[in-house]
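The following exercises are to be worked with the sequence and the structure at hand. Each task is followed by a solution in steps.

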Amino acid sequence: MDITKLADQIRAGDRRALARGITLVESGRDDHRAQAAELLQALSATGRQALRIGLSGTPGVGKSTFIESFGMMLTERGLKVAVLAVDPSSARTGGSILGDKTRMPRLARAPLAYIRPSPSQTHLGGIARRSREAVALCEAAGFDVVLIETVGVGQSETVVAEISDLFLLLLAPAGGDELQGVKRGIMEMADMILVNKADGDLKATATRTCADYAGALRLLRKRPQDPEGFPKAMMVSALAEEGLAKAWEEMSALADWRRAEGHHDRARAAQARYWFAEEVRQALLAELERGAAKAQMERLAGKVASGALTPSLAAAQMLESLRKG
Ligand SMILES: Nc1nc2c(ncn2[C@@H]2O[C@H](COP(=O)(O)OP(=O)(O)OP(=O)(O)O)[C@@H](O)[C@H]2O)c(=O)[nH]1
Ligand SMILES: [Mg+2]
């Protein structure tokens with residue numbers, strides 16, 4: 001594969017080249033990893049930045065519907081929109097973004113939009129890297145907005161929040177006890193909470209839910225990266241296409257403020273540091289699964305199990321043998 005040529009094509013906005021690039025970064029093969037690294041390095045000089053918007057929510061809350069309506073609105077304004085999914089469970093049924101492509105019929109056909117189906121299989125450790133690198137490729141290809149969707153099941157929200165500029169939490173209208181259902185850590189990550197399905201019979205409940213969450217957000221610790229009034233809760237209807245323009249206005253205002261105040265650059269730098277450290281951690285863990293280290297782990301585990309060594313002494317010996325390499 002000619003990586004220089006592929007990089008040129010991606011830079012020029014060639015969709016098929018972008019798709020091939022993403023397939024490359026998704027691959028676990030060693031030779032592909034090396035080519036992917038070369039590709040990302042070649043594209044890192046473009047300096048292009050998209051607004052990266054992470055979107056999380058439980059199954060059925062309306063993420064796909066929202067992305068379809070919201071994405072269409074953005075493309076109608078002339079913005080180029082890419083859609084990616086971070087899917088922690090490869091066996092998930094019904095909600096895969098491949099299915100979503102058919103559930104986003106208008107966006108899938110929009111010339112300014114690109115929807116990337118989630119890969120059919122990924123090992124858990126590879127999710128973060130492949131998502132991060134896919135976002136980088138979309139940026140290099142000149143997209144204005146990258147929407148990164150994840151189903152809210154825990155760990156994947158952190159991944160998405162750490163590759164996004166804005167993190168949105170999509171919620172459904174519900175009774176008061178639902179409020180406890182959202183983990184505090186997730187609330188603390190959110191820049192905006194969008195209460196979806198604020199239409200028809202659900203509108204009154206949505207209004208209450210929105211007020212509840214607005215109240216809950218006010219109780220959270222103030223973050224330096226937020227201007228007055230953020231994080232905020234709003235109502236939208238992805239189906240009726242209501243509140244979407246207002247939501248975009250708020251997102252843009254927040255993003256502009258963060259850029260002007262230096263928070264945007266600081267956040268991206270902090271994310272780069274985070275992912276560097278994370279890659280090192282993952283690589284070190286992978287070392288333990290290989291050859292001599294793996295055998296040594298098993299040998300020491302046996303001694304710990306039989307009571308010949310304490311866990312901490314065995315760990316110290318393990319680290320010692322790793323250092324000697
Ligand atoms: N009334 C109403 N229904 C909606 C709205 N948005 C989505 N829905 C409905 O909610 C159901 C689930 O919507 P999806 O967009 O597939 O939800 P999702 O969050 O992508 O679900 P998963 O992909 O399974 O995680 C569908 O029947 C939608 O038509 C809305 O704004 N109002
Ligand atoms: Mg969906």
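**Exercise 1.** In which crossing, left-handed or right-handed, does helix 1 pass helix 2?

*Solution.* This is a predicted model, in which local features need pLDDT of at least 70, side-chain atom pairs count only at pLDDT 80 or more, and totals for chains, interfaces and linings use all residues. Residues are numbered from 1 along each chain as its sequence is written, while chains are lettered from A and ligands numbered from 1 in the order in which they are written.

Step 1. Locate helix 1 at residues 3-11 and helix 2 at residues 15-26; helices (H or I, at least four residues) and strands (E, at least two) are DSSP runs, numbered from the N terminus.

Step 2. The two axes come within 8 Å and cross at roughly 125 degrees. Axes are lines fitted to C-alpha atoms, for helices over the stretch in contact, with angles from 0 to 180 degrees between N-to-C directions.

Step 3. Helix 1 and helix 2 are therefore oblique to each other (under 35 degrees is roughly parallel, over 145 roughly antiparallel, 65 to 115 roughly perpendicular, the rest oblique).

Step 4. The crossing of helix 1 past helix 2 is left-handed, that is, the near helix is turned anticlockwise from the far one by less than a right angle; clockwise would be right-handed.

Step 5. Helix 1 contributes Leu 6, Gln 9 and Ile 10 to the contact, and helix 2 contributes Ala 17, Leu 18, Arg 20 and Gly 21 (C-beta atoms, placed from the backbone, within 7 Å).

**Exercise 2.** Determine how strand 1 is covered and paired.

*Solution.* Step 1. In strand 1 (residues 51-57), seven of seven residues are buried (20 or more other C-beta atoms within 10 Å; exposed, 12 or fewer; partly exposed, in between; C-beta atoms placed from the backbone).

Step 2. One side holds Leu 51, Ile 53, Leu 55 and Gly 57, the other Arg 52, Gly 54 and Ser 56.

Step 3. Strand 1 runs parallel to strand 4 (residues 145-151), joined by seven bridges; pairing requires that DSSP finds at least two bridges. Arg 52 stands opposite Val 146 there.

Step 4. Four bridges link strand 1 with strand 5 (residues 166-171), also in parallel, and Ser 56 has Leu 169 as its bridge partner in strand 5.

**Exercise 3.** Is Lys 197 buried or exposed?

*Solution.* Step 1. Lys 197 lies in the loop between strand 6 (192-195) and helix 10.

Step 2. With 27 other C-beta atoms within 10 Å, Lys 197 is buried.

Step 3. Its phi is positive, about 65 degrees, although Lys 197 is not a glycine.

Technical notes:
Contact = placed C-beta atoms within 7 Å.
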